[in-house]
Amino acid sequence: MSNNQERTSPTPEEEAGKQPEPQAEQSPKAGEEKAGLGKFIAMAMALKEKNPLAFYGGIGAFVLIVLGWLFFGGGGVEQAPMPTVQVGQTYQLVNPNVTGGGDVLLLQAPGRMGATDPELREKEQICVVQAGTPAKVLELTTVSYVKYAKVEPLAGECQGQAGWTSLVNLKSQ
């Protein structure tokens, strides 16, 4: 029998009365995805065998990129507007870090806003000014890239007591 002739005899499965199992249909895209993923895995395993330093270096670089994206890729954080402040002008004192605006702490020296020691904070605190109180700016300075203003409240319990606060706590009237 030559190879070009068609076979007319039944297959062993047909002789036994069994129907040949139909092959599962796969969509062309599913096959391409499996083939692409399989090729990628095969290439990665070949690289691991041939050059493990490059393989593990690639994994490390990928991890660093993902971590960098998580830590530094942020954005979307709205910063408090920084007013253009001038010495001698009057502004309202409002803490933008509190929803609806909060009270403002006046301290003896600039740069001590984050003091966590309660005794130190109590010692350096001059007054807590109610939100919306007008205050006159007496002096401006910068400490560790943060701008501060020395202000004197013009009303309320803290009237006449000068102290330092962050520039973000000043709001134009």
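Phe55 is buried, because its relative accessible area is 14% and buried means under 20% relative accessible area (exposed is over 50%, partly exposed in between; 1.4 Å probe, protein chains only). This is a predicted model, where local features need pLDDT of at least 70 and side-chain atom pairs count only at pLDDT 80 or more, while totals for chains, interfaces and linings use all residues. Residues are numbered from 1 along each chain as its sequence is written, and side-chain values use heavy atoms, with hydrogens and water left out.

**Aromatic pair**

A search of the whole structure finds one aromatic pair. Phe55 and Tyr56 form it: their ring centres lie 5.0 Å apart and their planes meet at 80°, so the pair is edge-to-face. Rings of Phe, Tyr and Trp (its six-membered ring) pair if their centres lie within 6.5 Å; planes under 30 degrees apart count as stacked, over 60 as edge-to-face and the rest as tilted. Tyr56 is partly exposed, at 49% relative accessibility.

**Disulfide**

The structure holds one disulfide, a term that here means a pair of cysteine sulfur atoms within 2.5 Å. Cys127 and Cys158 form the disulfide, with their sulfur atoms 1.5 Å apart. The pair links distant parts of the chain, 31 residues apart. Cys127 sits in strand E3 (residues 125-129), and Cys158 in the loop between strand E5 (146-153) and strand E6 (163-166). The link is left-handed, with -65° about the S-S bond. Cys127 counts as buried at 10% relative accessibility. Cys158 is also buried, at 2%.

**Strand pairing**

Helices (H or I, at least four residues) and strands (E, at least two) are DSSP runs, numbered from the N terminus. Two strands pair if DSSP finds at least two bridges between them. Strand E1 (residues 90-93) pairs with strand E4 (residues 133-143) in the antiparallel sense, over four bridges. E1 also runs antiparallel to strand E7 (residues 170-172), joined by three bridges. One bridge from each pairing is tabulated here.

| Residue | Bridge partner | Partner strand |
|---|---|---|
| Tyr91 | Ala135 | E4 |
| Leu93 | Leu170 | E7 |

**Thr165**

Which strand holds Thr165? Thr165 is found in strand E6. Thr165 counts as buried, at 0% relative accessibility. Its side chain makes a polar contact with the side chain of Asn169, at 2.7 Å. A polar contact is a pair of N or O atoms within 3.5 Å; within protein, one must be able to donate a hydrogen and the other to accept it, and residues adjacent in sequence count only if both atoms are side-chain atoms.
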